[in-house]
Amino acid sequence: MSATATAVQTPLTSLPAWKALQAHYEKIRSQHLRGLFQSDPARGTRLTAEAEGIYLDYSKHRITDETVRLLLELAEQSGLRERIEAMFAGEKINVSEKRAVLHAALRAPKGVVIKVDGENVVPGVHEVLDRMSDFSNRVRSGAWKGFTGKRIRNVINIGIGGSDLGPVMAYEALRHYSQRDMTFRFVSNVDGTDFAEATHDLDPEETLFIISSKTFTTLETMTNAQTARDWSLKKLKDDKAVAKHFVAVSTNAKEVAKFGIDTANMFGFWDWVGGRYSMDSAIGLSTMLAIGPENFRAMLAGFHAIDEHFRTTAFAKNLPVLMGLLSVWYTDFFGAETVAVLPYEQYLKRFPAYLQQLTMESNGKHVTLSGDRVNYATGPIFWGEPGTNGQHSFYQLIHQGTRLIPCDFIGFAKALNPLGEHHDLLMANVFAQGEALAFGKTPEEVKAEGTPDWLVPHRVFEGDRPSSTFLLEELTPAALGKLVALYEHSVFTQGVIWQIDSFDQWGVELGKVLAKKIVGELEGSGPAKGSHDSSTTTLIERYRKQRK
């Protein structure tokens, strides 16, 4: 393991830039965005950054040029540049699992050299991509047939966590580019309803299942996989049919073969790819089947463009760095606990849900890399809905509530489905919401509209609510890759500042271990026996009674 990955760091709150930011916050905390714009009319053009077709307006944040300068100093003093170089060099910066962190290698072009333990991993990545492309072309063209000779028309991805959230988000985001004579569905929940609803109107003879589990032992995934096998064979009758209707994204060839899947149709990935960073690996097989290899590779090129931007661009103009630093600013100085992600694009309806895992599984940590308890906030809660739906739901709280909620607005200049004035109306709302959040409406403005005095307080908008606006030309596969990479590297930036490991996820383990223990107890009768508290024991016994 490298010195970069294990070096003892100065505690975050002892860094000069952190202390300077604390003093600076006290000076500007009461400055309103109205005043900041009045005193600096050019900030709307100056506090912006642009790269790879993405325009970021961050002028509507509660910051000054001095804030930005101090945040950039914090990045430098935190060793962000060195950590970026360590990640891209394949060093084992995931210290608790002693692993490299190389999702960037998944989208590296042929010819690039990225080594892990002395081995260039890029050729292996492209070997898997080529096999995925060949398989996808055969299924999409109808050359691949089901067991009875019928064409595959339905694809169901079975996975959980990153093996589900990435593929389903990408499919929904790029549905415009998908092959419309095929149906794509996704099963993740061990609740039997998820599987039942995904298959209720499908024909097993025309259905292909992708079982996505690195170990091929994940409890929820393999439970659903076995149910899918039983569902298929109920009609197909012959165990040999499994090889024509199931493929695997896994590294456990023994278990894959035992299930009945031909290991020639097993697509692997690597332990230097975390699940929430894996949508552009073989985990994205369903995405490639939907949009085709060419579009999938365009998405990878979008990822890679932002990788290079993040790796090489000065921090002052580096989009993910600026995003990450602003998140630290609000989380640790203003005490903001959440971030709202608000894509004004219906195809991105699952994007906030995808970001929930990416951000909160990554930075929901309470100890530093060295194992010491942090004494500052980490990992804000990410949530959101596509506009304009959210405006008629939770925007009330963002505008007039008591909580500070920084917002990310995402919009596109061109509509994929242009209908009359729909898109202009949609984008007018993007710009209007950012303006309303920042500047609000004063009591004087409300009174000038003829509002009676008693009603004035109810109609006042305090404003001073911060937001970023991301403007892209069009939602293409490349654009999706760029957007995801932006947030990936923003998460990394935050993790470096907070001195935490953004790439492990020990917090998901305990509940799974206990569930395996309890599931056996649910099948028993009489008093529950085990080392549970009185609440859990009572719930187990009550469930047993009601189930009967």
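What should the 13 residues of helix α5 span at 1.5 Å a residue, and how far apart are its end C-alpha atoms?

**View 1. Helix α5 (residues 65–77) in the predicted model.** At 1.5 Å a residue, the 13 residues of α5 should span 18 Å, and this agrees with the end C-alpha atoms, which are 18 Å apart. After α5 comes Gly 79, whose phi is positive, near 75°.

**View 2. The buried residues of α5 and their surroundings.** Thr 67, Val 68, Leu 70, Leu 71, Leu 72, Leu 74 and Ala 75 are the buried residues of this helix, and they pack against α2 (16–28), α6 (80–88), α15 (319–334) and α21 (477–498).

**View 3. Helix α16 (residues 351–363) packed with α21.** The axes of α16 and α21 are 10 Å apart and the helices pack at an angle of about 25°; since angles under 35 degrees count as roughly parallel, the two are therefore described as roughly parallel to each other. Their crossing is right-handed. Residues of α16 including Phe 351, Tyr 354, Leu 355 and Leu 358 meet a set in α21 that includes Leu 483, Val 484, Tyr 487 and Trp 498; by class, the whole contact has nine nonpolar, five polar and one charged residues.

**View 4. The covering of α16.** Ten of the 13 residues of α16 are buried, so that the helix is mostly covered; among them are Pro 352, Ala 353, Gln 357, Ser 362 and Asn 363. The buried residues of α16 pack against α8 (162–173), against the strands β10 (338–343), β11 (381–383) and β12 (407–412), and against α21.

How values were computed. Residues numbered from 1 in each chain as written. Predicted model: local features only at pLDDT ≥ 70, side-chain atom pairs only at ≥ 80, totals over all residues. Heavy atoms only, no water. Helix = DSSP H or I, 4+ residues; strand = E, 2+ residues; numbered from the N terminus. Expected span 1.5 Å × (residues − 1). Buried < 20%, exposed > 50% of the residue type's maximum accessible area, 1.4 Å probe, protein only. Contact = heavy atoms within 4.5 Å. Axes fitted to C-alpha atoms, helices over the stretch in contact; angles between N-to-C directions. Parallel < 35°, antiparallel > 145°, perpendicular 65-115°, else oblique. Left-handed = near helix turned anticlockwise from the far one by under 90°. Nonpolar A, V, L, I, M, F, W, Y, C, P; charged D, E, K, R; others polar.
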